[in-house]
Structures are given as structure tokens and as C-alpha cells.
Amino acid sequence: MRSLIACCGVALTVITATARAGGNPGDSQRIDAGRRVYIAQCAACHGLHGEGQPNWDRPNATGEMPAPPHDRTGHTWKHSDAMLYRLIKSGWRDPFNKTQRLTMPAFGQVLSPKEIRDVIEYLKTMWTPEQRRFQLEESQQAPFPPEAR
């Protein structure tokens, strides 16, 4: 009986994670791998739960835009898979910054294409179903690049 309860608990966890990601059961391994990458490489700036830095929507004292949230309160979900992949791989400088430094550092030399895709799939678990649908539609026109498929 205990093993049946444990098995049901594991199944429920997988189904819940899969439903949150909007994918299929095979995606749960990718999401878990992405969570590990996120914690190791992204959480220091974007927050352990994707909450971003305080006052992320206006320049800080040095004139730079703080790291935005990746959860449902942010705007990450408005970008296609291709755009998110490019931002993580190549970095990005916010045009509102007063400095020339990259706002988002490039991780293309640190993370593999698979790891970049995994972390993006993990980010999707932080969004509402409506946000995931919007992002999926955006990604139909701009999917992951071939190296990340």
C-alpha cells in the first residue's frame, strides 16, 4: 500500500510539472535539468523563484536596469523561444542603460545549447497558462534555433 501511495505521489508530481510547463511527460527531465541550471547560473540575479531584483523596471543608482523577474509578474513570457535563446546565449544590453556593460551577460561559453533550452523550458513553469499559450504562439514564428532542437 505504501508503495502504491509513493508511486501515485511521484506520478502526480510529474503530471503537475508537465501541466505547468505545457508539455508532455518527457519534458519533466528537461524541466528538472533546467531548474538545476537556473539555480546555478540565473538565480543570483533573477531570484531563486524568478522574482527578479527590486525596482527592476527602472534604472538603479549606476544607471543600469536591474534583472527582471522571470515569473508571471515579468515580461519574459512575451518573448519567443528564439529570442530567449539568443538573449541567454549572446547576452543583451538594455538600451535604457547609462553604461555600456551588458545588462544580461552572455552564457554561450558557459552553457551548452541543451542547457540553454532546458533553462528556458524551466522558466515556462513560472508562467500562467495564458502566458504560456501566448509565448507558444510567439514561438511558432520564431522557434528554438537548430542547435537547440
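1. Tyr 122 is buried, its relative accessible area being 13%; here buried stands for under 20% relative accessible area, exposed for over 50% and partly exposed for values in between, with a 1.4 Å probe and protein chains only. The model is a predicted one, in which local features need pLDDT of at least 70 and side-chain atom pairs count only at pLDDT 80 or more, while totals for chains, interfaces and linings use all residues. Residues are numbered from 1 along each chain as its sequence is written, and side-chain values use heavy atoms, with hydrogens and water left out.

2. Overall architecture. Helices (H or I, at least four residues) and strands (E, at least two) are DSSP runs numbered from the N terminus. Of the 149 residues, 38% count as buried. Among contacts (heavy atoms within 4.5 Å) between residues at least 6 apart in sequence, 56% join residues at least 24 apart.

3. Aromatic pairs. Two such pairs are present in the structure. Tyr 38 and Tyr 122 form a tilted pair, with 5.6 Å from centre to centre and 50° between the planes. Tyr 38 belongs to helix α2 and Tyr 122 to helix α4, so this pair ties together parts that are 84 residues apart in sequence. Tyr 38, at 0% relative accessibility, counts as buried. The other pair, Trp 77 with Phe 134, is edge-to-face, at 5.4 Å centre to centre and 80° between the planes. The pair of Trp 77, in the loop between α2 and α3, and Phe 134, in helix α5 (residues 129-141), links distant parts of the chain, 57 residues apart. Trp 77 is buried at 16% relative accessible area, whereas Phe 134 is partly exposed at 34%. The criterion applied is that rings of Phe, Tyr and Trp (its six-membered ring) pair if their centres lie within 6.5 Å; planes under 30 degrees apart are stacked, over 60 edge-to-face, and the rest tilted.

4. Nonpolar core. The largest nonpolar core contains 21 residues, and Tyr 38, Ile 88, Val 119 and Ile 120 have the most contacts inside it. Two or more residues of this core come from each of α2 (27-46), α3 (81-90) and α4 (113-123). A core is a set of buried Ala, Val, Leu, Ile, Met, Phe, Trp, Tyr and Cys residues joined through side-chain atoms within 4.5 Å. Apart from neighbours within four places in sequence, Val 119 is in contact with Gly 34, Val 37, Tyr 38, Cys 42 and Ile 88.

5. Leu 123 and helix α4. Leu 123 lies in helix α4 and is buried at 4% relative accessibility. Not counting residues up to four places away in sequence, Leu 123 touches Tyr 38, His 70 and Thr 76. The C-alpha atoms of Leu 123 and Thr 76 are 8.4 Å apart in space, although these residues are 47 apart in sequence.

6. Gln 135 in helix α5. This residue is located in helix α5. Gln 135 is buried, with a relative accessible area of 2%. Beyond residues up to four places away in sequence, Gln 135 touches Trp 77, His 79, Ser 80, Asp 81, Leu 84, Lys 124 and Trp 127.

7. Largest pocket. The volume of the largest pocket is about 700 Å³. Its lining comprises 33 residues, of which His 46, Pro 68, His 70, Trp 92 and Met 104 lie nearest its centre. The elements α2, α3 and α4 each give two or more residues to this lining. The lining residues divide into 19 nonpolar, nine polar and five charged; Ala, Val, Leu, Ile, Met, Phe, Trp, Tyr, Cys and Pro count as nonpolar, Asp, Glu, Lys and Arg as charged, and the others, Gly among them, as polar. A pocket is an open set of points on a 1 Å grid over the protein atoms alone where a 1.4 Å probe fits, with protein on both sides within 12 Å along at least five of seven lines; lining residues have an atom within 4 Å of a point. Points are joined across faces, edges and corners, and the volume is the space filled by probe spheres set on them.

8. Loop residues. Asn 55 has a positive phi of about 55° although it is not a glycine. Asn 55 is situated in the loop between α2 and α3 and is partly exposed, at 43% relative accessible area. Val 110 occupies the loop between α3 and α4 and is partly exposed at 48% relative accessibility. Leaving out residues up to four places away in sequence, Val 110 touches Gln 41 and Glu 115. The C-alpha atoms of Val 110 and Gln 41 are separated by 9.2 Å, the two residues being 69 apart along the chain.
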